[in-house]
Every structure is written in C-alpha cells, then in structure tokens.
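Colleague: I am new to this structure. Could you show me how to read its helices?

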Amino acid sequence: VKEHAITCDRIRGKRNELRLSQEALADKLHISARAYNFKENNKVRFTLDEIMILLDLFGCKFEDIFLE
C-alpha cells in the first residue's frame, strides 16, 4: 500500500510538471474528474489502459513511475 501511495505521488508530480489539472488529465483518460481524484489520491487503482495513456502523456517508461 505504501508503494502505491508513492506511485500516486509520482503521477501527481508528473501531472503538475505538465501543468495539467486533474480534470484535464481525467478527460485524456476518458474518466470523470472525481474518478481521477480517487485514483490520484490512492483510493482506487489506475487500470492498465490508463497507465499506458499516462506513460505516453508523461513521455516516460513504466519503471520511471512504478518501480524504483
């Protein structure tokens, strides 16, 4: 669970680097802003499809966000 919280912090950091709001990123993931908020705040996990979209948007590899 702690590792998942760290991952959510990394996703939040990447989103902020790109100066995207939660709502804007939710739109790119085709989910509601509320659903995105739950995911970024470690209440619900991102799906594999969402992860792949995030990696593409962030221009990074899986291990950059999810492993360390």
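**Reading two helices**

Modeller: Start with H4, residues 48-58. Its buried residues are Glu50, Ile51, Leu54, Leu55 and Phe58. Keep in mind that the model is predicted.

Colleague: Why do the buried residues of H4 line one face of the helix?

Modeller: The general idea first. An α-helix has 3.6 residues a turn, so residues three or four places apart point the same way. Now this case. Looking down the axis of H4, the buried residues fall within an arc of 135 degrees, so they line one face.

Colleague: Which residues are exposed on the other side of H4?

Modeller: Asp49 and Asp56. After H4 comes Gly59, with a positive phi near 65 degrees.

Colleague: Which residues of H2 are buried?

Modeller: H2 covers residues 22-29, and Leu25, Ala26 and Leu29 are its buried residues. They span an arc of only 105 degrees around the axis, which puts them on the same side of H2. His30 follows H2, and its phi is positive, near 60 degrees.

Colleague: At what angle do H2 and H4 pack?

Modeller: For a helix pair, read the angle and the axis distance. Here the angle is about 120 degrees, and the axes of H2 and H4 are 10 Å apart. That angle makes H2 oblique to H4. The crossing is right-handed.

Colleague: Which residues make the contact?

Modeller: From H2, Leu25, Lys28 and Leu29; from H4, Glu50, Ile53, Leu54, Leu57 and Phe58. Sort them by type: six are nonpolar, none polar and two charged.

Key:
Residues numbered from 1 in each chain as written. Predicted model: local features only at pLDDT ≥ 70, side-chain atom pairs only at ≥ 80, totals over all residues. Heavy atoms only, no water. Buried < 20%, exposed > 50% of the residue type's maximum accessible area, 1.4 Å probe, protein only. Helix = DSSP H or I, 4+ residues; strand = E, 2+ residues; numbered from the N terminus. Arc of directions from axis to C-beta. Axes fitted to C-alpha atoms, helices over the stretch in contact; angles between N-to-C directions. Parallel < 35°, antiparallel > 145°, perpendicular 65-115°, else oblique. Left-handed = near helix turned anticlockwise from the far one by under 90°. Contact = heavy atoms within 4.5 Å. Nonpolar A, V, L, I, M, F, W, Y, C, P; charged D, E, K, R; others polar.
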